[in-house]
Amino acid sequence: MPRKTAVEVGADGVAVVTINNPPLNLLSVDVILSLKENIEGVLSRDDVKAIVITGSNGKFSGGFDVTVFGGIQGKKTKKELGFMSIQFVTDTLEAAKKPLVAAIDGPAFGGGLEIALACHARISTSSAQLGLTELQYGILPGLGGTQRLPRLVGLQKALEMILMSKRVNGEEALRLSLVDAIAPADKLLKVARQWSLDIFECKRPWVVSLYKTDKLEPMGEAKAILNSARIQAQRQNPNVMHPLVCIDVIEQGIVSDPRNALWKEAEALQELRQSSTCRSLVHTFFSQRQIFKPRKISKVAIIGGGLMSSEIATMLILRNYQVILKEKNEKNLSEEISRAKENLQNQVKHGKATQNDLEKAFSLLSGVLDYDNFKEVDLVIEAETESLSLKQEIFVELEKWCPQHCIFISNSSTFSLRSVGERTKCQNRIARVHFCLLPAGMPFMEIVRTEGTSPQVTVDLIDFGRKLRKTPIVVIDRKGCTVNDMFVTYLLAAILLSERGVEVYKIDQALESFGMQFGPFRIIDMIGFQAFVAMSKMFVERIPDRSYKSILLSVLQHHEREGRCNGKGFYKYDNCGKAYPDPELNNKYIRKAGNLSNVTVDAIKPTKLYDTEIVEMILFPALNEACRIISQGIVIRSSDLDVASVSGIGFPTYRGGIIYWSNSFGSNYVHSRLEKWSEEYGDFFKPCDYILQKSAEGISLEKETNQAKSKL
């Protein structure tokens, strides 16, 4: 087995110790032991004056391999707990009698950065990325990062970086004093070597980060900052403990002794890495990542007018894609470009882009009336009206005009991809993309493929989605949008409860307390009533036997309520878009909808529901729909729906996604609750056969589907 670190001693007396665990030089027990052995070796050599630690292939270290988190471990002795943070990082690296300098290029995350923090100086490239990212996995920095980072950059900035898992580049790291100098990649080692010799010769300061105090705020101010951080952490994630534990550990080092705080840090890490939150977050992390080798997509053409086309065009040019809009005539083309320009101006108006951004983005947009300019496009998005013959004609033309590598995308939810492309010979290049009915801030994208869609096209589209800052999942071709089925079911369940007497704001509060990004009624307001009514109508028409036909939205629309877009929905909105409860909502509108539905509110049990029951009555129908999707083989693996629930409906990441969450109470419980509600309130709650089967077998609702797995 090749060694995980390497040593080279130069004629200048500087030993360069290189972490060599490609591709990201991730840390593990083996890597740490190898690093410790080599560091101790060069410290004992008389011909070594100073040491530089770096990573191979332009990557310092991506931190600890995430696979070590979330497992069940036995109780450790105090010596075992302190081995890495105390014995190695503090007593070997930081207490070394020879200066150590970290030479940082590429990623320096988590434990990788913590090793650099214990060095006596840090030199990085401007493009290096530095951050303590542990909290996104449900743990805290465990190699002294909670103590050293505040002493280098100040408490306020350190809390921001740690609690948000925020990464900074080399330039910002220099401004924060996180690194001491910037060097080009080809001169990084040279500068670091000289810096270490300067420390050895007392020309530069020998800084021990753990006991540095000049960047720390005065004690009174520090306590106020810590208390504010606690309040914010509780408000943002009321159901998780690891941010609060991390703040406590940071505070211990500031008000007491930092070395003692290292022991508290080690104990907290040992406990947190075995928590259900850690396991859920690690599950989500792996569900979102696969290894792909995508081709580059630079130029995109969009065919068809309407709001959808201009929205897609705006999104693409803001991500620096060249976009060609094709329309039937000059009038439609002019309207389309005007809508895109208006979208860009709204981005500037709301502070999401600058005027320079607008001008640069608009320069990437062009309009055409024919296919002459399609000879160099990498991707075409067809967003025409729902006419099968028109779509088939378009795809025949695309096959004639576009290059062989070009991918053809249909935005239709009505016709199968096989039907759309049946007159072409390029069905292996045809797929569908849904951005779905989602409010802003939920970065989800659904990629639909057929058995004939090539694996290369699939991975290209996954990469395309990620570059748009979306979270993509891959599903099999079917009518509708997979995540919308879960999403609409979730929202209809909330409406059903409200029409039966549960207060709208109590429902939203219960779901937000559970950890949902927004309550269901806030989401409907954000989407807009018109869009939601259209989508739910399609859902009800497609599966009438298990849908809920609501009257509430039509009642609200009759009274000129359309959601946040016109300032009146389930909430009222001020000129800044801030939401306020509407005291008239229940008595004036919901009671009217209940009367029209022949629902006698006083006779319905949900009015006395606890928050936990509200959460289950709204989320279990969505879980039920997710299980139908699994049973039909539409997704590659059940964890794809965990990703979809997190990115698509705002499900709390720390609960691992909607399917993973169900493991906490089991399939039998889910089945019994749905069965009970279906008897009381109808087939909307009727458990699907998949849940019935899993309940009878007494096993988890999770399932790894093999269909199409080998292709990816």
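The model is predicted: local features need pLDDT of at least 70, side-chain atom pairs count only at pLDDT 80 or more, and totals for chains, interfaces and linings use all residues. Residues are numbered from 1 along each chain as its sequence is written, and side-chain values use heavy atoms, with hydrogens and water left out. Helices (H or I, at least four residues) and strands (E, at least two) are DSSP runs, numbered from the N terminus.

**Helix pairs**

- Two packed helices are described by the angle between their axes and the distance between the axes.
- Axes here are lines fitted to C-alpha atoms, for helices over the stretch in contact, and angles run from 0 to 180 degrees between N-to-C directions.
- Helix α6 (residues 155-163) and helix α10 (residues 242-255) have axes that come within 11 Å and cross at roughly 150°.
- The helices α6 and α10 are therefore roughly antiparallel to each other; angles under 35 degrees count as roughly parallel, over 145 as roughly antiparallel, 65 to 115 as roughly perpendicular and the rest as oblique.
- On the α6 side, L155, L159, I162 and L163 meet P243, C246, I247, I250 and I254 of α10, where contact means heavy atoms within 4.5 Å.
- By class, this contact of α6 with α10 has nine nonpolar residues, no polar and no charged ones. Ala, Val, Leu, Ile, Met, Phe, Trp, Tyr, Cys and Pro count as nonpolar, Asp, Glu, Lys and Arg as charged, and the others, Gly among them, as polar.
- Helix α25 (residues 611-631) packs with helix α28 (residues 667-681) at an angle of about 100°, and their axes are 10 Å apart.
- The helices α25 and α28 are therefore roughly perpendicular to each other.
- Residues of α25 that meet α28 include E613, M617 and F620, while Y669, R673 and W677 are among those on the α28 side.
- The contact of α25 with α28 has nine nonpolar, one polar and three charged residues by class.

- Strand β15 (residues 430-434) is mostly covered, with five of its five residues buried; buried means under 20% relative accessible area, exposed over 50%, partly exposed in between (1.4 Å probe, protein chains only).
- From β15, I430, R432 and H434 point one way, A431 and V433 point the other way, and all are buried.
- Strand β14 (residues 407-410) pairs with β15 in the parallel sense over three bridges; two strands pair if DSSP finds at least two bridges between them.
- The bridge partner of F408 in β15 is I430.
- Strand β16 (residues 444-449) runs antiparallel to β15, joined by three bridges, and H434 stands opposite E446 of β16.

**The sheet β5-β7-β8**

- Three strands form an open sheet in the order β5-β7-β8, with mixed pairing.
- Its edge strands are β5 (107-109) and β8 (168-169), each pairing on one side only.
- Strand β7 (residues 129-131) and β8 run antiparallel and are joined by two bridges, with L130 opposite V168 in β8.
- Helix α4 (residues 111-118) packs on the sheet and touches β5 and β7; the direction of α4 makes about 85° with that of β5.

**Residue G106**

- G106 lies in the loop between β4 (100-104) and β5.
- With a relative accessible area of 16%, G106 is buried.
- Apart from neighbours within four places in sequence, G106 is in contact with G58, K59, T125, A128 and Q129.
- From C-alpha to C-alpha, G106 and W195 are 20 Å apart in space, and they are 89 residues apart in sequence.
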